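Could you walk me through this structure, stop by stop? I have it open in my viewer and would like to know what to select next.

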Amino acid sequence: MGFALVWLVNAVVTLMIWCIIASAILSWLFAFDVINPRNRFVGQIAYVLDTVTRPILGPLQRVVPSLGGIDITPIIALLALQFLSVLFNRTVAPMLIMSLG
């Protein structure tokens, strides 16, 4: 059971990291007019990615100022998620595996 919980936490963190990366790339593609945001399929993908990443990026965007129109909150969020992942795997995961098996 402990291995399953550790795997689940790591999978969720990895999924959030990939969603943040995809959201940042999609916003760059919108900004440089590479893809049309009014395309229905692209709009749905952007909506899903925004819905998934907004709980993490939203509070950071209120705290971190914009640097000349460049949003660095995805970088900060990626660093924070990586830090939390390492912290979890080094401290909490061994205790979960030992106690739950």
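## A short tour

Before you click, note that this is a predicted model: local features need pLDDT of at least 70, side-chain atom pairs count only at pLDDT 80 or more, and totals for chains, interfaces and linings use all residues. Residues are numbered from 1 along each chain as its sequence is written, and side-chain values use heavy atoms, with hydrogens and water left out.

**Stop one: a loop.** Select Asp33, which lies in the loop between α1 and α2 (40-63); helices here are DSSP runs of H or I with at least four residues, numbered from the N terminus. Asp33 has a positive phi of about 55° although it is not a glycine. Most residues other than glycine have a negative phi. With a relative accessible area of 64%, Asp33 is exposed (over 50%; buried is under 20%, partly exposed in between, with a 1.4 Å probe and protein chains only).

**Stop two: helix α1.** Now show residues 2-31, helix α1, and pick out Leu5 there. Leu5 is partly exposed, at 31% relative accessible area.

**Stop three: the largest pocket.** Move to Ser23, Ala24, Ser27, Asp71 and Pro74, which lie nearest the centre of the largest pocket among its 23 lining residues. A pocket is an open set of points on a 1 Å grid over the protein atoms alone, where a 1.4 Å probe fits, with protein on both sides within 12 Å along at least five of seven lines; lining residues have an atom within 4 Å of a point. Colour by helix: α1 supplies the largest share of the lining, 9 residues, while α1, α2 and α3 (73-100) each supply at least two.
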